[in-house]
Amino acid sequence: MTVVGLAVGRGTGAEIAAVFERVLGHLTEAHGVPVKVERSGRVYDSYVSLRGAGVERTAARTAEDAAHYERFCRELASRGATAVFRTAINAQSLYLVRQRLRAVKVDALGGPPDGSAPELLLVRDQAQGFYTGDNAHSPGRVVRTMEFSEEITGEVLDRALRRARGLWPEGGAEQVVMAYKFHLLDGALDDWVRLAADRHGVKIRLCQPDTVNRDLITHGLPPRTVIVAGNEWGDIMHVMLLDRFGGERQETRCTENVHLRPDVADLVEYQTVHGSADDLEGRDAVNPVAAIRAAAVVAERHVGCPGAVAAVETALAELTRRGVCTADLGGEGTTSQVVDALLTALGRVSGSDPGAGRDSVPVARDSVPAAQPARGAGESPADAVVAGA
């Protein structure tokens, strides 16, 4: 039986986890494939749940959460599990784990919802840089210590180029761009990237983040572009790139995090792009679409349910046409009602109607999703162009 991990944070984590389990169960049952969802034994803090705990207590709980989640992931990987779904948790704990397991976030943007033939591959370097590191406190001061390394930089580029060849087997990436604040590193990153470019026989443009932004606004990006980004830029720009390449929102998107450490390299972590949305906790109001999509991807890629992603996307498209959505997109449906409608639509896709007889779901006002605030979740010197052999 396939084991899928599940890690739950505070805020709306329990509600999002319930959506994931319900949709995954529906899909695997429809395919006659057994699956066991194994929950972590700890509910992890969100930033809001830690607020007011004080510096010492916050640091201690952060360390405890990080150690527990790292151990959970390693145990899953040691037993052969290849997927874990995690709801949002406090970023400080999360990035400690990402640093230790050497995680990169990968998101293929601009193609069909099933992920085929994307225009852009975004690879966020979560294993090093300013989001990682340790804090040292003294009265009125916090000193944060972090590092970059040639080894990790090379591993991140290796993974990005390997994923690009898988996405675009006809020739790999047309353009490889790195968005890092490299001028802060005394030229070290330039040297490391040059060596990696020589090793792969490719050209890599090492750019300041604002230069990548300028080029994106002025020229756009050619198809088959890979952006390898320092997490400082990638975190901010991810939402903007979702909008630019496909018109999606963070509330409806799931992404994957892959690990570079050999002992956890086969374990893929899936997450919603949105955050913990603590202000919506217990209101049955959080947007379930990202968790629905995560369940479909896990079902198809890891549990053996071919066609699950396409079926879910067809059902979601039906809901969009009918204006069935939660309030953040201009609708009046609750989380539960949207999931009910989704499962009913899935039944029609497969030729049955498991949701028949359920209460009707309120549709969006005027059936047009309204733009709502996301819940959740300078100087430009010349670029360094690193040419491969």
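**Cavity volume and lining**

The second largest cavity has a volume of about 40 Å³ (a cavity being a set of points, on a 1 Å grid over the protein atoms alone, where a 1.4 Å probe fits but cannot get out; the volume is the space filled by probe spheres set on the points, which are joined across faces, edges and corners). Its lining (residues with an atom within 4 Å of a point) consists of Tyr-69, Cys-73, Leu-94, Val-97, Arg-98, Leu-101, Ala-103, Asn-257, His-259 and Glu-269.

Helix 3 (55-78), helix 4 (91-101) and strand 11 (254-259) each supply at least two residues of this lining, and helix 4 gives the most, with four residues. Helices (H or I, at least four residues) and strands (E, at least two) are DSSP runs numbered from the N terminus. By class, six lining residues are nonpolar, two polar and two charged (Ala, Val, Leu, Ile, Met, Phe, Trp, Tyr, Cys and Pro count as nonpolar, Asp, Glu, Lys and Arg as charged, and the others, Gly among them, as polar).

**Packing of helices 5 and 6**

Helix 5 (residues 150-167) and helix 6 (residues 188-200) pack at an angle of about 40°, their axes 10 Å apart (axes are lines fitted to C-alpha atoms, for helices over the stretch in contact, and angles run from 0 to 180 degrees between N-to-C directions). Helix 5 and helix 6 are therefore oblique to each other (under 35 degrees counts as roughly parallel, over 145 as roughly antiparallel, 65 to 115 as roughly perpendicular and the rest as oblique).

The contact (heavy atoms within 4.5 Å) involves Glu-150, Thr-153, Gly-154, Leu-157, Asp-158, Leu-161 and Arg-165 of helix 5, and Leu-189, Trp-192, Val-193, Leu-195, Ala-196, Arg-199 and His-200 of helix 6. Seven of the contact residues are nonpolar, three polar and four charged.

**Basis of the model**

This is a predicted model, in which local features need pLDDT of at least 70 and side-chain atom pairs count only at pLDDT 80 or more, while totals for chains, interfaces and linings use all residues. Residues are numbered from 1 along each chain as its sequence is written, and side-chain values use heavy atoms, with hydrogens and water left out.

Technical notes: On a 1 Å grid over the protein atoms alone, a cavity is a set of points where a 1.4 Å probe fits but cannot get out, and a pocket is an open set with protein on both sides within 12 Å along at least five of seven lines; lining residues have an atom within 4 Å of a point.
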